[in-house]
Amino acid sequence: VDVFAPQSRDVKNIHLRNFCMIIPPLTHNYVEHMLSSKDKLAKKNKVGAAFTDDGFALGLAYILKLLEQHRQFDALHWFDSVKHKFGEQRKKMVETSRGAKEDEQRTLSLTLKKLAAYQQEYELLFFSLHGARIFFKTKEAMPKPEPAAAAADADAAAEGGAEGGEGGAPPAPPAAAAGLLSWPGKARRDAKGLAVGPGNVRSVGCGE
């Protein structure tokens with residue numbers, strides 16, 4: 001990232017400043033590709049068949065980091081929109097199937113199954129992208145303790161360790177690693193202003 005970032009963000013590549021806008025159609029194309037590849041697993045000719053492909057999510061996370069467009073992509077709320085759309089479609093189909101005939105119910109059942117397959121692929125892509133983005137987190141993006149607070153914490157930890165050796169109370173548990181996890185309590189916000197839920201990994205794009 002450090003090697004290619006300056007060239008990618010240069011003025012001569014200004015056409016890439018809106019790269020995040022083409023991610024929604026790219027993800028839809030990827031979902032259709034994965035559904036087609038999984039269907040080929042059940043066929044005799046398995047050319048092009050695949051069960052999973054994390055390369056797309058990893059490459060997408062890399063380019064977003066390269067161009068520093070994570071915030072812009074999150075602002076689209078793409079995965080939120082997809083989840084809402086699928087929910088609305090499923091609700092309409094369920095209501096329609098109540099008064100439908102047997103043939104129509106069979107058709108609606110197949111449509112619901114296809115809709116569930118699309119939603120599952122989008123969820124898998126969301127979690128793959130979420131995991132891939134962790135690989136490209138930088139130390140600068142993580143919260144840094146104040147010098148005075150850090151010194152106080154170090155002194156407290158030293159005193160706690162000494163007391164623990166003499167049969168006193170055990171030292172306090174360490175803080176959440178890299179700012180990704182939080183101890184039980186109210187939701188807080190990290191250095192970038194993104195919400196971090198209690199005891200959960202920070203969400204990206206689509207809130208679950």
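Reply: In helix 3, the buried residues are Ala57, Leu60, Ala61, Leu64, Lys65, Leu66 and Leu67. Buried means under 20% relative accessible area, exposed means over 50%, and partly exposed lies in between (1.4 Å probe, protein chains only). Helices (H or I, at least four residues) and strands (E, at least two) are DSSP runs, numbered from the N terminus.

Me: Before we go on, what kind of model is this, and how are residues numbered?

Reply: This is a predicted model, in which local features need pLDDT of at least 70 and side-chain atom pairs count only at pLDDT 80 or more, while totals for chains, interfaces and linings use all residues. Residues are numbered from 1 along each chain as its sequence is written, and side-chain values use heavy atoms, with hydrogens and water left out.

Me: What do the buried residues of helix 3 pack against?

Reply: They pack against helix 1 (5–8), helix 2 (23–39), helix 4 (70–76) and helix 6 (102–135). Contact here means heavy atoms within 4.5 Å.

Me: How far does helix 3 reach, and what comes just after it?

Reply: Helix 3 covers residues 55–67, and its 13 residues reach 18 Å from first C-alpha to last, close to the 18 Å expected at 1.5 Å a residue. The expected span is 1.5 Å times one less than the number of residues. Just after helix 3, glutamate 68 takes a positive phi of about 55°.

Me: Changing topic: which residues of helix 5 are buried?

Reply: Phe79, Val82, Phe86 and Met93 are buried in helix 5. Seen down the helix axis, these buried residues fall within an arc of 55°, so they line one face of helix 5. The arc is that of the directions from the helix axis to the C-beta atoms.

Me: What covers that side, and what does the face turned away from it carry?

Reply: Helix 4 and helix 6 are included in what covers the buried residues of helix 5. The face turned away carries the exposed residues His84, Lys91, Lys92 and Arg98.

Me: Which residues touch the most other members of the largest nonpolar core?

Reply: Of its 25 residues, these are Ile23, Val31, Phe73, Phe79, Phe86, Tyr122 and Leu129. A nonpolar core is a set of buried Ala, Val, Leu, Ile, Met, Phe, Trp, Tyr and Cys residues joined through side-chain atoms within 4.5 Å. The largest share of this core, 7 residues, comes from helix 6.

Me: And what is phenylalanine 73 in contact with?

Reply: Leaving aside neighbours within four places in sequence, phenylalanine 73 is in contact with Cys20, Ile23, Leu64, Trp78, Phe79, Leu129 and Arg133.

Me: Is serine 37 buried or exposed?

Reply: Serine 37, in helix 2, is buried, with a relative accessible area of 2%. A polar atom of the serine 37 side chain lies 2.9 Å from the backbone oxygen of histidine 33.

Me: Finally, what is the average pLDDT, and where is it below 50?

Reply: The protein averages a pLDDT of 75, and 66% of the residues score at least 70; pLDDT is the predictor's confidence in each residue, from 0 to 100. Over residues 140–145 the pLDDT is below 50, and over residues 162–168 pLDDT stays under 50. Where pLDDT is low, the predicted coordinates should not be read in detail.

Definitions and conventions
Polar contact = N/O pair within 3.5 Å; in protein donor to acceptor, adjacent residues only side chain to side chain.
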